[in-house]
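Dear colleague,

Please find below the structure I promised to hand over, together with its sequence. My notes on pockets and salt bridges follow it.

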Amino acid sequence: MSRAQQDALSRTALGVFRLNGQFLAVSEKLAEPAGLTAAWWQVLGAVLPEPLPVAGIARVMGITRQSVQRIADLLVREGLAAYEPNPAHRRAKLLAPTEAGRAAVRRIDPGHAELAAELLRELGGQEAFDETVRVLDRLSAALERISERRPDPQDPPAAPPTRTPSPG
């Protein structure tokens, strides 16, 4: 890898880290009037289209199953979500938003729409906004493919193949 490639990777990572912090900060501000945190909103948003198991939510969000489980349990305790039976897996219940959870997310919509309009103007229009989304999707997909090819450093090394003695 050349120094220019390493610098590009570093600039990309730092930019994404900065974006993550900015999105978390603005998400907290948007979610607060609805009685949610950014994390609660994120988990509720993942299950608005359809109920999902905690592991499925974690995959979609790119975070650990344990983090999602903790948030899911809080959402259920607060009456914003409920666990439902999962016909595909007895033990892995599905998380679904309750009407109170859906109402909380709806309370975020006006601020969310306002931010989207401001961001559209700042980026220079819909075409530029769409291109930004495409670039981020490409980056995410590329990193996903790379991580699938690389072994997890926490996995134990594979056992050496056993040799079967030859007859004879």
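Five helices, α1 (3-31), α2 (38-47), α3 (54-61), α5 (99-123) and α6 (126-149), each supply at least two residues of the lining of the largest pocket. Please bear in mind that this is a predicted model.

**Pockets**

The largest pocket holds about 1,300 Å³ of space. Its lining comprises 33 residues, and those nearest the centre are Leu19, Asn20, Phe23, Gln42 and Leu136. Helix α1 gives the most to this lining, with 13 residues. Sorted by class, the lining of the largest pocket contains 24 nonpolar, 8 polar and 1 charged residues.

The second largest pocket has a volume of about 390 Å³. It is lined by 14 residues, of which Leu19, Phe23, Leu119, Leu123 and Thr132 are the closest to its centre. Here α1, α5 and α6 each supply at least two lining residues. The class count for the lining of the second largest pocket is 10 nonpolar, 2 polar and 2 charged residues.

Leu19 and Phe23 deserve a note: they are among the residues nearest the centre of the largest pocket, and they are also among those closest to the centre of the second largest pocket.

**Salt bridges**

How many salt bridges does the count come to? The total is 3.

One of them joins the side chains of arginine 3 and aspartate 7, at 3.4 Å from N to O. Both residues lie in helix α1, 4 residues apart, which is about one turn of the helix. Arginine 3 counts as exposed because its relative accessibility is 54%, over the 50% cut-off. Aspartate 7, at 32% relative accessibility, counts as partly exposed.

Another links arginine 106 with glutamate 99, whose closest N and O atoms are 2.6 Å apart. Arginine 106 is partly exposed at 45% relative accessibility, and glutamate 99 is likewise partly exposed, with a relative accessible area of 48%.

There is also a salt bridge between the side chains of arginine 134 and glutamate 131, at 2.9 Å from N to O. These two residues are 3 residues apart in helix α6, so about one helical turn separates them. Arginine 134 has a relative accessibility of 44% and therefore counts as partly exposed. Glutamate 131 is partly exposed as well, with a relative accessible area of 35%.

With kind regards

Methods: Residues are numbered from 1 along each chain as its sequence is written. This is a predicted model: local features need pLDDT of at least 70, side-chain atom pairs count only at pLDDT 80 or more; totals for chains, interfaces and linings use all residues. Side-chain values use heavy atoms; hydrogens and water are left out. On a 1 Å grid over the protein atoms alone, a cavity is a set of points where a 1.4 Å probe fits but cannot get out, and a pocket is an open set with protein on both sides within 12 Å along at least five of seven lines; lining residues have an atom within 4 Å of a point. Grid points are joined across faces, edges and corners, and a volume is the space filled by probe spheres set on the points. Ala, Val, Leu, Ile, Met, Phe, Trp, Tyr, Cys and Pro count as nonpolar, Asp, Glu, Lys and Arg as charged, and the others, Gly among them, as polar. A salt bridge is a side-chain nitrogen of Lys or Arg within 4 Å of a carboxyl oxygen of Asp or Glu. Buried means under 20% relative accessible area, exposed over 50%, partly exposed in between (1.4 Å probe, protein chains only).
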